[in-house]
Amino acid sequence: MTASPLSPAPPASVTPPPPPLTSPSSPSQPVCDERRAEARPERPGVTELRLSAFAGHRGAVLPLGPLTLLTGRSGSGKSTALRAYEALARLGGGARLGEAFRDPAGCVPERARPDAQRRRGFRIGCTTDGPEGPVRLDVAIQAEPELRIVGERLTAGGLTLLQTALVDPSRPVVQASWHTAGSTPVTRGPLPDDRLGTALLPLRVAGRTDGQRRVLAAAEQTVVALRSVFACDPRPGRMREAVPLGSGRLLRGCDNLADVLWRTRTECGRRHAQLVAAVRDGCAGPVVDLLAEPLRDGLVRDGLVRNNRVRDGLVRAVLDRGDGVRTALGLLGDGELRYLALALVLFTGPGVLEVDPVAEVPAALQTLTVLADGFDRSLDPRQALELVRLAARMCERGHIRLVGAVSDASWAAGVPGVTVVHLNRERS
């Protein structure tokens, strides 16, 4: 797969830069391997997203912390970066290419020219950190004339653990080789060209040698770090409507927020009290409680409510103002509704959100990653600051990570735990 060279975009900058891993007694010397092992996180997480050639990005490297805000002017590629992250997460969960990339042609760099076989494509990757240390995954994907993976590489500690390549374009497979370190240094075999090979390794690698076990451990870390992603962009217009009772799992647009509140309010009183306190900080007027109630067909005649019947299965969310006053969420502004929905996301987990956790890995070793496009959309500066402070507290606990896109992150300056990545891409 060939593409014409593009003018390299200015590299993304990060504020603050990650400190070098050095020993306190000798800052210029790297920490020994034992110290590095002790510092490895128990829960795997994505620490870097690479957009080598993806849509408008070229050679972009985005460092990610537990709480990361991507900022830049309109058109700088914030939403595109979140889209790439979500697609990688889907591939890590075993999805086929067509499920992860609904518009593959839109992922090809704008000025990429086809090669002699009329092929065009894109390249993305990430780095995860966890018990196995940093593990890199890089994928080259052909978008035209047909969607397929043409190359994949999984590396750790300078060692290539998995490498695939498209050898025969007429066959729907890639030739894969993975580290063995036994009597045979490398094992080779075909893998399908529409699935991520890293996610398939547990089905192909026996784990009999130290090398095979290292391959499996690195693949597992990558898959666990990528999965359990919840892409969230609350839609206030939908949140104002009454909804039928359903699964109680929050959708990405938060349309069914009332259904989720109906379920979660009684599941954990402490967590709900924390949510109410957070909502109180972001909504105008007094807030005593946040709850869902059945929608009734009340008909007012002569000053009395008649036919006060519950509509089958419909509930609406309300704010309890105290003294018997309740405000339907339909009366709140867009900023209040988005603030409320994002606060609910931060206080819940995979059991409540519509995500795909790794069933075979204990929940205590997994991290939920929230992707929030337009994190500050419709919020005033006070709401945005309160929400990012809440996110910082929740991310510090380690069970949740957040990557949000904002137009301006100046309001987040000084909030501990926030990594701000400035996208400086210029269109050529």
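Start by selecting Cys 107: at 2% relative accessibility, this residue counts as buried (buried means under 20% relative accessible area, exposed over 50%, partly exposed in between, using a 1.4 Å probe and protein chains only). A quick word before you go on: this is a predicted model, where local features need pLDDT of at least 70, side-chain atom pairs count only at pLDDT 80 or more, and totals for chains, interfaces and linings use all residues. Residues are numbered from 1 along each chain as its sequence is written, and side-chain values use heavy atoms, with hydrogens and water left out.

Back to Cys 107, which sits in the loop between helix H3 (97–100) and E5. Helices (H or I, at least four residues) and strands (E, at least two) are DSSP runs, numbered from the N terminus.

Which residues does Cys 107 touch? Leaving aside neighbours within four places in sequence, Cys 107 is in contact with Ala 53, Phe 54, Ala 55, Arg 83, Phe 101 and Phe 122; contact means heavy atoms within 4.5 Å.

Next, pick Ala 53, which stands opposite Arg 58 in E3. Color strand E2 (residues 45–54) and E3 here: six bridges join these antiparallel strands. Two strands pair if DSSP finds at least two bridges between them.

Now bring up the whole open sheet, eight strands in the order E3-E2-E5-E6-E7-E8-E9-E10, with antiparallel pairing. Strand E3 (57–63) and strand E10 (186–192) are at the edges with a single partner strand each, so one side of each has no neighbour in the sheet. On average, neighbouring strands of this sheet are turned by 15° against each other, direction ignored.

What packs on the sheet? Select helix H2 (residues 78–92), which touches E2, E3, strand E5 (120–129) and strand E6 (135–144). The direction of H2 makes about 115° with that of E2; axes are lines fitted to C-alpha atoms, for helices over the stretch in contact, and angles run from 0 to 180 degrees between N-to-C directions.

Inside helix H2, click on Thr 80. Is Thr 80 buried or exposed? With a relative accessible area of 16%, Thr 80 is buried. Not counting residues up to four places away in sequence, Thr 80 touches Phe 54, Ala 55 and His 57.

Finally, zoom out: the protein chain has ten helices and 20 strands, and buried residues make up 50% of its 428 residues.
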